[in-house]
Amino acid sequence: SCPQRCVCASNILSCSQALLGAVPAPLPRFTAVLDLSHNNLSRLRADWAPGRLPHLHALLLGHNGLSFVSTEAFAHVPHLRHLDLSSNRLRALEENLFSDLPELEVLLLYNNEIATVDRAAFENLPRLRKLYLGHNRIARFPLELLRDGTRLPQLALLDLSANRLRARVAEEGGNGSAALLANGSLQLRALRPEDAGTYACWVGGPVLNETLYVELLVHNFTLHGPHDTLNTAYTTLVGCILSVVLVLIYLYLTPCRCCCCRGAEKPPAPRDDSINSSVLSATPNHAAGVPGEPCGSRSATISTGSGQNGRFKAGGTPQPPPRHGPRAQRKVSDPDSVSSVFSDTPIVV
């Protein structure tokens, strides 16, 4: 049951550029997307959809020359989420024009001839997120729709570019937070937390056509306190500096453990009557030296006689000092004794 001069594909009904002067009938009840753009529909009456379309969620009516839309035109499409009325000849947005669309999310009204916007034109639109009103003749927009945040609680984007708006400071209930400067820029002051949001700056001309979106964040220092100044960048920088300091401390302030520092260590106390006392018996005995003679001037000889086996023997066997007690009878170990078996270890003097 696809209407003539239309194309049906699944739940999409496209009647674009079909030179239609009226909405085709009948319309399939399963239609979810209805495209009636680029036609000659000048008026949208309440009976354009004789039956209820419960599945319709997108209605495209752009580029039709529409000059009249009934306040009951959307009574049969309560689940509509996307409505395109752009590039038409609408001159006013009357009271409760879209009140039958509680699920509407995107409303396109740009490139019309709209000069008057009623305060109740956008009543009962709790889910509206994007409202496009650019390229119209609007001289005054009802700011009370945005002031308290209860009329359009989900609104995230409002396009009022290329209109006839003027900055009204402290007039008609305004709070004086906006001022239009001579260079065309908008100055915001005395901001409140409800003024936060996304602002669109549009510029157009024969050479340049660009839109800039600015995100405005308003923070109340009195109620919430100052912002945390240590963000991620500063935290990372402080961490790097501390790491470098710790590395320098480890490299330059760690106690010396090299061999050059071992000479300052206190030599261990000599052990008397050790069985291995003759292992290093070739070391000169300072007690047997000549008083006043330096240690380095003592001569050392290597005996090559029989039984010496080339072992080092410096100055003979030193005479032990007299000792008293039962241990006085013990003899000093001779390098040729059994304990001198390790004396082949070379000794550097």
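The structure is a predicted model. Ser37 lies in a loop between two strands, while Tyr199 lies within strand 15.

- Strands of a sheet pair through backbone hydrogen bonds, and the pairing is either parallel or antiparallel.
- Strand 5 (residues 58-60) and strand 7 (residues 82-84) run parallel and are joined by 3 bridges.
- Ala58 has His82 in strand 7 as its bridge partner.

**Ser37**

- The loop that holds Ser37 runs between strand 3 (33-35) and strand 4 (43-44).
- Ser37 counts as buried because its relative accessibility is 10%, and buried means under 20%.
- The side chains of Ser37 and Asp35 make a polar contact at 2.7 Å.
- Beyond its neighbours within four places in sequence, Ser37 is in contact with Cys15, Ser16, Gln17, Leu60, Gly62, His63 and Asn64.

**Tyr199**

- Strand 15, where Tyr199 is found, spans residues 197-204.
- Tyr199 has 30% relative accessibility, so it counts as partly exposed.
- Tyr199 and Asp159 are 40 residues apart along the chain, and their C-alpha atoms are separated by 8.8 Å.
- Beyond its neighbours within four places in sequence, Tyr199 is in contact with Leu188, Leu212, Tyr213, Val214 and Leu216.

Technical notes:
Residues numbered from 1 in each chain as written. Predicted model: local features only at pLDDT ≥ 70, side-chain atom pairs only at ≥ 80, totals over all residues. Heavy atoms only, no water. Helix = DSSP H or I, 4+ residues; strand = E, 2+ residues; numbered from the N terminus. Buried < 20%, exposed > 50% of the residue type's maximum accessible area, 1.4 Å probe, protein only. Polar contact = N/O pair within 3.5 Å; in protein donor to acceptor, adjacent residues only side chain to side chain. Contact = heavy atoms within 4.5 Å. Pairing = 2+ DSSP bridges.
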